[in-house]
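Colleague: I'd like to go through this model with you, from the overall fold down to a few side chains. Can you take my questions one by one?

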Amino acid sequence: MNFDLIYMFKVIPVILAYLPVTLVISVAAMVISTLIGVFMAVLLRRGRVLKSLAAIYISFFRGTPVLVQLLIIYFGLPQLFPVLNAMGAIYAVIIGLALNTSAYLAEIFRAGIDSVDKGQTEAALASGLSLPVACWRILLPQVCRNAIPATGNVYIGLIKNSSLAFTLGVTELLSAGKLAATESLKFFEAYAAVALVYWALTILLGEGQRRLEKYVGKPYNN
């Protein structure tokens, strides 16, 4: 077996030079997808028309491959809307990942809202709290507590899906590993190094998720 362990560790710093690109894509997509996910979760609880539109949105982005969505956004939409020809590949990746991830988050947030007994909000309103205050102090903490585990898993998937950015010409972790593998012809070592970097990222995010779960759950565990 011809495996160059030393080269694998040597190439990791080269790959890590492109970590900021992956982080920018991932964090931006997380923020945007969370906002859209909350909006869609609210629409799912509205009238028949709005609920149907949200359901179609969720069905499409959950039912089609992420790569196909990225290709449609970057190569397809500019044909219909020429103004989008100026859109950079990294922005197309962020938008595509955000739209895809928001479809999963919408269902998570909807389930989180449904998991809270409506009687708690009604009791808060009866006690004199306004609806915004009741939602902020009573509903939101419980929704967040119930949604954190599944949301964390979706975010981990988002980080891994960011590797698809290389298909649109964005140089990020996987693209850097591919370039290193092509130059050295040590494909196993280079891609193993990429895998280790992604593994480390998911471990860190998972640890952050566990700490957040513990923090948010303190009032319920005491």
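Predicted model: local features only at pLDDT ≥ 70, side-chain atom pairs only at ≥ 80, totals over all residues.

Colleague: Which element holds L196, and is L196 buried or exposed, or in between?

Modeller: Helices here are DSSP runs of H or I with at least four residues, strands are E runs of at least two, and both are numbered from the N terminus. On that numbering L196 sits in helix α9. Buried means under 20% relative accessible area, exposed over 50% and partly exposed in between, with a 1.4 Å probe and protein chains only. L196 has a relative accessible area of 31%, so the label is partly exposed.

Colleague: How many helices and strands does the protein chain have?

Modeller: Read along the sequence, the pattern is α-α-α-α-α-α-α-α-α-α. The C-alpha trace spans about 70 × 50 × 25 Å along its principal axes, and 38% of the 222 residues count as buried. The count is 10 helices and zero strands.

Colleague: What share of the contacts with a separation of 6 or more comes from residues 24 or more positions apart?

Modeller: Contact means heavy atoms within 4.5 Å. For the protein chain, that share is 76%.

Colleague: Why does S26 count as buried, and what is its relative accessible area?

Modeller: S26 lies in helix α2 (residues 19–43). Leaving aside neighbours within four places in sequence, S26 is in contact with L158, I159 and S162. A polar atom of the S26 side chain also lies 2.8 Å from the backbone oxygen of T22. S26 is labelled buried because its relative accessible area is 3%.

Colleague: How many aromatic pairs are there?

Modeller: Rings of Phe, Tyr and Trp (its six-membered ring) pair if their centres lie within 6.5 Å; planes under 30 degrees apart are stacked, over 60 edge-to-face and the rest tilted. Ring pairs link Y57, F60 and F61 into a cluster. By this rule the total is four.

Colleague: Why is the pair of F3 and F188 edge-to-face?

Modeller: Their ring centres are 5.1 Å apart and the planes sit at 70°, so the pair is edge-to-face. This pair links distant parts of the chain, with F3 in the segment before α1 and F188 in helix α9, 185 residues apart. F3 is partly exposed at 26% relative accessibility, whereas F188, at 54%, is exposed. The angle asked about is 70°.

Colleague: And what kind of pair do Y74 and F75 make?

Modeller: Y74 is partly exposed at 24%, and F75 is partly exposed at 47%. Their ring centres lie 4.8 Å apart with planes at 70°, so the pair is edge-to-face.

How values were computed. Residues numbered from 1 in each chain as written. Heavy atoms only, no water. Polar contact = N/O pair within 3.5 Å; in protein donor to acceptor, adjacent residues only side chain to side chain.
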